[in-house]
Each structure stands twice: as structure tokens, then as C-alpha cells.
Amino acid sequence: MAYKAYLIRQYEHTHENSFFRKFSTQLRKIYKDVDGINVLIGNISCNGHQIDALFIANGKIIVIDFKNYGGKLTFSENNPWSIVSENELVFVQGGGGIRNPYQQVNAYRRSLIQFLSNKKNDFLEPNHENFNLGHINGLVLFHQPITIDQKEIPEKILKYFKVVDINNCFSTIADCTSINLTLRDNEIEKILIALDIREENLYDEAQELANPTMSESNPNEVDRLELVRKILANEQANSELEKLLLYYQTLINLERAKEPTITDEHSFHLDWKTITDIVRINIEDSPDFHQKFQQNEQHQFPKNLFVGINILFNSQTLPLLYSVIPNRDILSHTNIEIPIKDFGLYPKPLEERNYPDELIEELTSALNQQTTLSAKFKILEKYLSDTVQLVENLTLAFSEENPYTSQLLSEFKHISKEGLIKQDSFLYRFLTKKPIDNQIETIDESKFIQITPLNSSQKEAVKCSFNQPLTVITGPPGTGKTQVVLNILANAILHNKKVLVASKNNRAVDNVKERLSEKLNDPNFCLRFGSRNEVRDKTKPIIQSYINQIHNKTLEDNTEKLSKIQNSIEKAELNISNTLSKLEKTKILTNDICKIQNELNEKQTEYTAWDKVEHEAIFVFNKHSVESLDKQRTEIINSKNYIRNKYSGLRKIFFNLFSKKKYAFALVNLFELFPLDLKDLAKSKGIYPEMYQLKNGAIIINEYDKIANFIESGIRLKEQLSKFKQEINALNNHLKNSQNELQEIQSIETELRNSIKQSQEIIEKSGVPLVNELIHKKLRESKAADLNKYKEYIPENIPWKKEEIPEFIEATKKFLEVFNIASITSLSIKSAFPLAEDLFDMVVIDEASQCDIASAIPLILRSKQLVVIGDPMQLKHISKVQPYEEKYIIKTLKLNKNLRLDYINKSLYDYCFNLSILSRSDSIFLKEHFRCHPQIIGYSNYAFYGPKMGQELDIKTDPHNYMLEPKGIFWINCEGMHNKQKNINQLEKEKAIDLSLKLAAKHPNITIGITTPFKDQAKEFNEAIPLAHKERIKADTVHSFQGDEKDIMIISLVISHNSPKYKSEWINKKVPYLLNVAVSRAKNTLYIIGNANYCRTLPKDSPLGLLVKYVDEINPIIEKK
């Protein structure tokens, strides 16, 4: 059979299924009689990508993505595409959060290349030479007709990428053939096997497919919704906005309920023989805990009681079952009763040991359905595949809400209650997913300064941040995100904009604060806000120190110094503007010269054609002056008019009888007196009056007209000739002048560019001094009383009464007029700033890929503009909410499906990226990498940015600039054992510590980091690092290392041949970007300590499989065992 079609699963939308049927039907007609196997595969998953279609035949493998648009298309390599249809502009993005269809198809293509490369030996026949998967093509296929200027697509891209519509796709598919993809039928069949294409996936275009539907929650999921129902009970929301706020509020409540934080743990003896269905506790039996319990009750907000049933599991005693009793429900210290049925799974011990979420959820559900202790134990043994033993003591502790979560919930309730979100405000449009088009005050592009060197994309990022309401900056590791933030803050000071930098990652906030402090004379000016304790102990004293300086008037007048810097910058800016105008004129002149030359050619062609027709007449008339010709024409006209006057009415008869001969003779004589050349020319044109022809006055008059017109034509020819000459001369002069002017500018172009460079250097060098003097001026001109008023509010005296809040808001605004840049951890915002709309001009949220949407909402409400900086290839935010729970919340609140809410899987970065496309905002990709040795960051390109984003980093680092030897990426093979009780690999720990100490001794001035995916191993490292080296050698989990960098990094993988399968799956699937973060922390050298042989057994297209393969190809594995 020449043509086969497969559909792995229905598409989500009806129009996609209809299009695939139409597409396959046409392909079948084309290829039904073609020799060999020709295969179309629809909706296929490969390496984590959902590919719309693949077409495989001898000489071709084509990745196809469908787009349901039509119109005039504008291509872009790095930004969203735009398409105009019926005067409406639409932006076309890629799927899966990828920037555009080119990058999407390129990611799919690279992913397929990677997958088939790993399977090549499985499908290629022996001795099959010259086979190159790099010749796989990518196709974006539009359902509707499109027009596109193919010149917009760079030649290097066109080699393997095409944009087509339904009208021309089939000819393009036919043309996409390469001798390097020659495939026999049996090889194609083996590719289908490798792709797991089965006979049951065969597609029949005639078969009617059912409409795709969303599956309902299964019974097990419904059983697990009790907690969600409890949180949603008695909650009401009417408008779409109210429902959205309640949706996020419910999710926060759910996160909080799933993560109890316990403190002051105490062991409490209990004789289980006396227990049947109720656990009874007398707290007074534990004097130490009872004392703390009494102290707890004296607090304004007492903590709840945590009761854990301790179980011996894997040689460890863990509180696997627990119940939390609200403090308000404890009426007696001597008789606290908890029914056995109320004890559920305490998930934290299992989460710390990286048990799969699915297992924990199923175990939680199963335990909740049991009412006796013995039944619950059987469930534990069944799911944990091990014997569990009851321990004769309980764990008593205090359970408290995460204070940051409590603050977040409090702010959500206040937002809802007070109706703080105005219709069509930034936050309203953000939540309802409407285009963000709020009007803002923009800044002229020439009025930006910089305090660090910036490349073109970084400059664009800074400018966009100020000039559009929503800006998304994609910043992979080592691409200079911090420089962008520093320059945003510098320009905020210059233009008196209030900017808050926030992140859930403390390290990211601290990094900005530290790097900016290095530039400032007042290193504490950019205030760092955090927890209540940090505000009280660190931030307030800094504010007080400034108040003292201002009050004591110790700040000197810097007006003259500031004016000097500003004048220097203005002079440099003016020079740049004028010089750029000159350089810009080269483009204008080049275009003008081309235009003038075209006009000159056209005019000369026109003259040549005219001259060819009129050459003889021009030659004759050109011998005579216009004056002489005009005199003759006047004489002829006067004679004609004289005769016409006599030849009228009854006088015509008299004229013809008595005067005709006389006037005929005069006419003939006049003509005969013409210069010979004129007379001959006239004769050639049929003008030759003779006596026998001049039979009456009318004929005589007519002959006069002919002669007059002949002379008139000569005059007109001479005038036209003169006009041609003037125009050609003018064009020649214009051309010459323009060429001379261009030549003059080009002769000094180097000088002009050097002048611009010098002026730019002046501006760049002036950036830091200018910012420092502006800060000094702000502080000097501020009022100590205004600053003190704000200071007295934070953190303990922040008002909660409605009537007191406006005064706090006003005090904060006055404070921010001075300290207009600040940094904060996202969840601490309530400890520093009132919940007021537009308090800041801009909030910058760094590491937005780690940030959930809900926690950003109070930040966004406080600002007019939002800048999010993140990287979809970095670690995501971690949610304990399950998909079926979120689905239930959406369904219960009757939220619009078109909002496509996905709190669990979508980070703030993902959400804003899609919203920026909807809003037609410019987004920026920081592509140039400046941190890691090329071998190190090469893995990130190889495993992540190329195959998953379709856009590799432009590696700017030079291997020769790294001084430490060895440099690059290395694997130290270590076949240690994975501890059964904890995520520890003792042998890896020993090797990593030994290596780090040797490196520290050999290189006394370098920074060293040890990281691992697992908390237990990180703890082991910290305990093993000698005290004398703790400042030099930092050990932590990969999650904690995000945002940090070291000269040398050591990664301990821990997993080995004896590891449970879910441990490697946790790294490869649950946190698939963990290795990208881990690897890219190293600048000079990266050592991976792990079991290389075990990693080679893992899927070759997984992050771990790709890592061992990549290192194998770069450097030999060290100490193979």
C-alpha cells in the first residue's frame, strides 16, 4: 500500500480533526499510486512535544504544525508572527508557550532529530551510509490562504523550514526531498515501530470521529474532593472578577491546608492496647509540652495542635498519620479526643523521600476511606510495599499557617471585600485575560542611561519595560538578567519612577540589591524589605540612619556637581543625535542616488524614444531660433487673420472673384521665401501651397493654418528639447551633488562613528555618577518628618482599620517620592506597603518561572506596569494542588472555559507570556550567554533550548578566557549505593567533599559549589564540609542554587542501580528542568559525580540520558568502573 495515515488520538478541536481529514484525503489521492511507503501521522507525541503531523517517505521526513489563520503574514525569527485579515491584526504564537511557529516547529524538529538519532541503529539497515537527520524539514501549514514575502525568511532557515497554506502545501511537500534521507520501506516501518505507531492507529478518512470531549472526574477523584468542598463551603461570587478572585483564594487555601508547618515537637507516650476508635490525650502528662501549650494560648493568634501517630517504616520512626485540632476547639487540657477516622496521611516525610505525587494522592484517598487503625495500616503496607509497625508514642507539636500564606489570604480577602480592582484597570484586564492596553507615560528612547554595559537585546528590554504596560523578558542563565534590572532601577531614579523589584526567590532579590549597592555611594538606598523581623531589625535602622543625616543636615549641596554631569550627558546626547542624523543621511542619500539614477535613466530613455520619432524635425528646427520662428508664425497668423476678415459674409463672393489670386500668390510667395531646410521639412509633412490648389479663400486660410501649426510645432519641439535638456542636466547635477555629499560623509564615517562611540562612553561613564548625585539630591531635599512617619508604621503599626489606612497610604507615597526603588520577597509585601492601587509605577518580578500567579496578584494591584523576567527552561513553581481539584474549583465557580485557567502548570511567566502576545506587546529574548564555559552551557542548548524552545543561546564565552584547569564539563563515575532510608549516596558524598577540598586548597581565590537534587544529600554535604571551608564551599539543593553561580560546581546525582525507578523519573519528568539549572551554575568547570552506567540505562532522550551522552561525547568519563 503506497499511502498510509495514522491518527494517534483525536485533536482537541473539531476544526483540527476536519482539517486533518481534508489534508489526509488529498495526500492519499496524490500518493496512492506512488511507489514505496508514504506515511502521514497525526497528533503524535515525541520527547514531550505534541506534534500536529509527521510525513515520512523515501527522501523526506517532515514535521508539520497546523495553524487556523489566513491573511497577510509577517514572519519573525524571534518574536510572535502577525497576520492581517480583513483589516484586523492578529498575533500568531507557537504552541506550548513557545514564542512563534518557527521556534515551535524548530523545537519539534530538533526533538525528533534527537529521538531518531538515539534509535538510528534500530531502524537503519547495516551499511546505510550518508544518512543525515539534519535534513528533516519543518512546515507551518495554514488552514486558510496566506500571503507572505519569502524574503522575510533568512536563507539559512529556508533550507529546512517552509511556511505554506492549503493551496501550495502539497507541491512543497513534494519538493522537500533529500538524498540524505533515503529510506527503504522496511526502514520506514521500523521508524513507525520506534515511534510506537500501531495498527489500531490507522486512519480512515471516511470514518466519522466523535467530537472530542473532556472526561469527567473519575470516582476516586470525587472521593478526594472533601477538602476542596470544605474550603468552598459558604463562599459566594457573582461577577466574573469575584469568581476569579475566589478561584485564586481557594487555591491558596488549598495549598495552605496541604502543608502544615509544625514546631516544638514532643514525644508523647501512648498505650495502644487501650485505644479502640478514639485517641485520648492528657497534655498535662507531658509537663514540658504542657508548659509551652499554656504559653501558646496566651498569644493573640495561638497555634493549633498537631497530633502525629508515629510509625516505624524503613528503620525510621515517622509521623505518617496526623490530625490537626484547632486551638479554639480544645476545651480541656486533660481530655483531648481525636477519632481514629480523623487521622490522615502526613505527606511531608514521603515528599522528602521523593515518593511520586500520584502515589501520595492515592494513599491519602485510600486512608481517608478507612475508619479503623488496623485498616489504615493495611493500606499503608499495600501502597508503601513494606511492613509498617506502630510505635508506642505520638508526636505532639504546634501547627501553624505559613505566615506568608496567611498574609496573602488576608490581602485577597481585603481586595474582594473593598472592591479594590477597578473596571478596566491593569489588574482587571490581567485577571480576565483581556489585552493590556492601559495608557502609561512613556520615555523617549534617547533619554535612557546605563550603569553597566548592555547589548542590544538588554537595551531593548530596559526601554520596553518603561514604554509598555506589560513586558516579558526571557532570560536564560548567564544572559544578563541582573544587568537589565539594574539599569531599569537606574532609569527609574533618573525619571523619578517608583519601581519595586520582587521575587519569591530570596537569592534573586538579594543579588539585585548587592549588585546595585556596588554601584551606589549610598549602598543602602535601594531598601530591602522582607519578613517583619527583617524590616524591624534591618530595614528600619537603615531608614533611621538616613533620617538622622537629613535632620542633621549633613548632606552637602551637590547642585553644581549634578549640573555638570547633566550638561555633559546632554552635550553627548546632542552630539549623538546630530552625528546619527549625518550617518542616517548616508542611507537617505544612498536611496536618493538610486532613485535619481532611476529617474535619470527613465528620462534619458524617454528622450531617446522622443528623439527617435522627432529627430529630423528637431534637426531642422534646431537651426532656427525661437524668436525667428515666432516672428514667422506671427506674420503668418496676421496674414491669415487679415484674409479671414475679408473672407466673410457676402464678401466671400467678391473675394473669390477679384482678390483670391492676389492672396494666393502672396501665400505661395511667403512659403517660397522660407529657408530651404524648413521648406523641405514642410513639404515632407505635406505642406506645400501651390496656385492651382488655392481655389478659394477657405483653402487659402486653411493653408495658412497648416503653415502656422507647422511653425508652432517647431517652437514646441524646441521647447520640449530644452525641457529635456534642463531636466536631464538637473538630474545629473542632483546625482553628482548627492554622490559628492555621500562620498564626503563616507570619507569621515569612521570619524563620525568614533565620535558617537566617545559620546556613548561619556554617557555610560556618567550613568553611575548621575544616579549617585540624583540620589544625593533626593535625600538632601527630602523631609525627615515624612520619612519618619512612614518608618513608624512598619512593620508592627500597619493599620487594619479602614479609616486609618488612607493616612498610611499617603505616608507611603511621600516616602516613595524619596526612596523610589526597593526590593522585596513577594510574600512579604504586606509587611511594608499598603494595599493600594498604583502605589508603584512599575513592579519587576524576577525568576517569574518560579512564581505562581496567585501570589503575584497583590503585587500587580500596587503597580501601573508589570515586568516579568523568567525562563521557561528553569525550575517551575511547585503546587500541591491536584489537577482534578483545580478542575472542580473551576467547574463549581462556573468560570469561563475560554480563560484556560491552569494554576498548577502555568507559572506567572507562562501566564504573562501568553497575555503579552494577546496584548501585542514586544517581548524580549536575551539570547547572548556570557557566564559558562562553552562546553558547560552547550548541554543546555543540546538538551533544552534547542529541542524544547527551538532557539539556542548564542554562546559569547571564549574557552581561552577561563584560567582554571581543567575547564569544561567532566563526569566522575561513581557507582555508590542509594541509601534505602534517605536520599543519600555515601560514596558520592565522600568523592564530592574530597574533590571540593582539593580544589579549595589548589585555588584559594575561587568559589566552589556542591549541589544535588535531594535535601538529605545536601544536608550530608553541609555536615561534612569542615568549618574552615564553609565560607568557601557552599552546598545546597539545586532548587536553592537557582539564581546563584560558582567558578566550579560539583553535582551529586545520588541515584544508582539500586534506586527505586521513581527517583530517576522524579528528576527526568517531575522536575525536567532541574539539570538545566544545576549545570548552568558553573562558570569554569563542572564535575558530575554519579553512576554513568546507570544513567546510560535511562531513556536516551531524558535529561539524565542526554547528560551522560553529551559528556561522553565531550570528555572521557573519569574513573570508569
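I call a residue buried when its relative accessible area is under 20%, exposed when it is over 50%, and partly exposed in between, with a 1.4 Å probe and protein chains only. The model is predicted, so I kept local features only at pLDDT of at least 70 and side-chain atom pairs only at pLDDT 80 or more, while totals for chains, interfaces and linings use all residues. Residues are numbered from 1 along each chain as its sequence is written, and side-chain values use heavy atoms, leaving out hydrogens and water.

Cysteines. I searched the whole structure for disulfides, meaning pairs of cysteine sulfur atoms within 2.5 Å, and found zero. Cysteine 912 is buried at 0% relative accessible area, and its sulfur lies 8.9 Å from the closest cysteine sulfur, that of cysteine 851, which is too far for a bond. Cysteine 526 is also buried, at 1%, but its closest cysteine sulfur, again in cysteine 851, is 19 Å away, too far for a bond.

Core. I took a nonpolar core as buried Ala, Val, Leu, Ile, Met, Phe, Trp, Tyr and Cys residues joined through side-chain atoms within 4.5 Å. The largest one holds 144 residues, and among those touching the most other members are Phe430, Phe529 and Leu866. Leucine 866 has contacts (heavy atoms within 4.5 Å) that include Phe430, Val843 and Cys912, not counting residues up to four places away in sequence.

Domains. Using bounds from an automatic or database domain assignment, I noted that the centres of domain 3 and domain 4, taken over C-alpha atoms, are 80 Å apart.
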